[in-house]
Structure formats: C-alpha cells, structure tokens
Amino acid sequence: MSDTKTLYTAQVHVTGGREGHARSSDGRLDLPLSTPGGPGQGTNPEQLFAAGWSACFEGAMAIAAKAKGVTLPDDLAIDAEVSLRHGDEGYSLAARLNVSVPGLALDMARQIIEQAHRTCPYSKAIKGNIDALVTLV
C-alpha cells in the first residue's frame, strides 16, 4: 500500500453543465458557466483548467527553485492555453503553458521548468492523456 496522504479535497457542485453554475462547498468559488465563445457571461471548464494548471505549475516551480537555491523573480508569469478540440475520435483537449522567467539564466529556467513539469500534479494528470506543451518564452 502507498503511503499517500490526502492534503486537500475540493468539493464543487455544478448544475446546468456548460450553461450552468458552479459553487464550491466553502463558497470561495461561486460563478456562472458558459459555453466557450457563447453569449453567456460565465467562465468555462477550459479557462478553469488553464487557471488551475498554471497556478499549480508555478507552485511546482517554486519548490524546484528552492531545491536549487534559486529565487524566482517576482514578475514570473505563466500564460496558459487550453483548447477544446473535435476530431474523428470526438472531443479532446490540448494545453500549453508559456512560462516567462525574466532575469533568470535560460539554462536554470529550463531546469526548473522541466522539474516542475515532472512534479506538478496537473502535469502528471495530463501526461499521455492530452497534447500538452510547456515552453520557456
């Protein structure tokens, strides 16, 4: 048996699917949902995934940088893209993170990004499941 300990469990109640509403059990997330490109005022699952993956990835970068004795710049930024696609096998996702680490040597930035991509829970979850790319910009 694994020695895995659950650190946190998010609980979100969704009604109405892509044209509905999402609310977390603690009330911190409470928002309307809309179909991508549609007329609604809400967010969509692709935007939520992009926000979640990029925030988690930056946390994984901070852990990797600390292990190397490096301080990440305050203006580190991640631009996430999550695409909803449709093809012969139905719907799928593709995702990309464009990571900007101003002032950090390119080689060190690449090492930190590679380590983060190996350890970030979102990166692990999508590995081999969707087209995903992490790029240093």
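**Core and helix packing in the predicted model**

Leaving aside neighbours within four places in sequence, L72 is in contact (heavy atoms within 4.5 Å) with M61, A62, A65, V101, L104 and I112. The structure is a predicted model, in which local features need pLDDT of at least 70 and side-chain atom pairs count only at pLDDT 80 or more, while totals for chains, interfaces and linings use all residues. Residues are numbered from 1 along each chain as its sequence is written, and side-chain values use heavy atoms, with hydrogens and water left out.

L72 is also among the residues with the most contacts inside the largest nonpolar core, together with W53, F57, M61, V99, V101 and I112. This core has 25 residues; such a core is a set of buried Ala, Val, Leu, Ile, Met, Phe, Trp, Tyr and Cys residues joined through side-chain atoms within 4.5 Å, where buried means under 20% relative accessible area (1.4 Å probe, protein chains only). Helix α1, strands β4 (77-87) and β5 (90-100) and helix α2 (106-119) each supply at least two of its residues, and the largest share, seven residues, comes from α1. Helices (H or I, at least four residues) and strands (E, at least two) are DSSP runs, numbered from the N terminus.

Helix α1 spans residues 45-67 and includes E46. With a relative accessible area of 7%, E46 is buried. Beyond residues up to four places away in sequence, E46 touches R18, P36, V82, L84 and L93.

How do the two helices meet? The contact is made by W53, F57, A60, M61, A64 and A65 of α1 and by I112, I113, Q115, A116, H117 and T119 of α2.

Methods:
Buried < 20%, exposed > 50% of the residue type's maximum accessible area, 1.4 Å probe, protein only.
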